[in-house]
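Dear colleague,

I am passing on the structure we spoke about, and I would be glad if you kept it open while reading the notes that follow.

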Amino acid sequence: MVNEKLVIIGSGPAAHTAAIYSGRAELSPLLFEGFMAGGVAAGGQLTTTNDVENFPGFPEGISGPLLMDKMREQSLRYGCRIVTKTISGIHINEKPFEPFVLNTADNEEYLADTIIIATGATAKTIELPNSATYWQKGISSCAVCDGALPIFRGKDLFVVGGGDSACEEALFLTKFAKMVYLVHRRNELRASKIMQRRVLGHDKIEVLWEHEITNVLGDEKVIKKVVLKKSEPSQVYEKAAGGLFFAIGHKPNTDFLGGKITLDKDGYIVTEKGSTKTNVLGIFAAGDVQDKKFRQAVTAAGTGCMAFMEAEEYLNTKDSK
């Protein structure tokens, strides 16, 4: 087994930013992009986004898959080696500065002096009969990412959820929508009191209490209606819709860590404040796997840069020891 100086686990903006920086620093990083890890193709959540209009440097916008292809090409250009394998576990050393052992899903082992974990998080959605047909054709899991697109402007938009994230997304969409409907299966919101006041007092938001969305209908190019089910009294009906946004949370892709890295109650990696350092010396975390608040491509890229700089500092310290 070759002892790698730096291994990066992930395939999104955080992972590739770390790869680009470390490649230019001549660390020859090895990046594991995974094989349908978390149920998503290499490139992460951006591969499921048709139009990205808020990533700097692309004034006309760019498709998510193309943006990730460009990041991958840039990583390769600067000396990153990419392996399409999924990491299934990490062996944490008992002594500082000893190499870590990484296991892949196909039972191969790799050694690494330092590791950057950038495996992201997967948006939770509700499986509807037609959701696959209309994903990114009116269905999204990120209002901040997609809400300003022309397809949604001036339309009736629906947000599914009842927590702070759902309320924030509903409020954001009021800038572009004709009307926003917040669909919640209970008769009270789980959001903080201040968020509830903002939503309930907004003249462009209507909460559909004790409702669920059971399907979406359209012309196969874009959704036109949602099918709603009301629990009390029992009722099923259709309503015109120009967009549907799921805001029911994210699942960080941390199962493979097996509890060896400190996680918070929601499964996100805990890092030191203002840092990408985890509780394990020599292991760093970047992107959505440690960020439950912002979850944007540009913020993920920023933490990827931070992780590289701290990993390089660690390697220099290790070498001096």
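Glutamine 136 counts as buried, because its relative accessibility is 13% and the cut-off for that class is under 20%. Please bear in mind that this is a predicted model. Glutamine 136 sits in the loop between helix H3 (131–134) and strand E8 (139–140), and, although it is not a glycine, its phi is positive, at about 65 degrees. Most residues other than glycine have a negative phi, and most peptide bonds are trans.

Two further residues belong with this one. Asparagine 107, which is not a glycine either, has a positive phi of about 70 degrees and lies in the loop between E5 and E6; at 71% relative accessibility, asparagine 107 counts as exposed. Glutamate 220 takes a positive phi near 75 degrees in the hairpin of E12 and E13, where four residues stand between the strands. Those two strands, E12 (residues 211–218) and E13 (residues 223–230), run antiparallel and are joined by seven bridges, with histidine 211 placed opposite lysine 230 in E13. In the loop between E13 and strand E14 (235–240) lies proline 233, and the peptide bond that joins glutamate 232 to proline 233 is cis, with omega at about -10 degrees.

I then turned to the charged side chains. Side chains of opposite charge can pair when their charged atoms come close. A search of the whole structure gives eleven salt bridges, among them the one in which the side chains of lysine 5 and aspartate 319 meet at 3.7 Å, N to O. That pair links distant parts of the chain, since lysine 5 belongs to strand E1 (residues 3–10) and aspartate 319 to helix H7 (residues 297–320), 314 residues apart. Lysine 5 is partly exposed, with a relative accessible area of 34%.

Another salt bridge is formed by the side chains of lysine 85 and aspartate 106, at 2.5 Å from N to O. Here too distant parts of the chain are linked, 21 residues apart: lysine 85 is in the loop between strand E3 (81–83) and strand E4 (87–91), and aspartate 106 is in the loop between strand E5 (100–104) and strand E6 (109–118). Aspartate 106 is partly exposed, its relative accessible area being 41%.

Finally, the side chains of lysine 265 and aspartate 266 meet in a salt bridge of 3.4 Å, N to O, and salt bridges that share partners join Asp264, Lys265, Asp266 and Lys292 into one network. Lysine 265 is exposed at 78%, whereas aspartate 266, at 39% relative accessibility, counts as partly exposed.

With kind regards

How values were computed: Residues numbered from 1 in each chain as written. Predicted model: local features only at pLDDT ≥ 70, side-chain atom pairs only at ≥ 80, totals over all residues. Heavy atoms only, no water. Salt bridge = Lys/Arg side-chain N within 4 Å of Asp/Glu carboxyl O. Buried < 20%, exposed > 50% of the residue type's maximum accessible area, 1.4 Å probe, protein only. Pairing = 2+ DSSP bridges.
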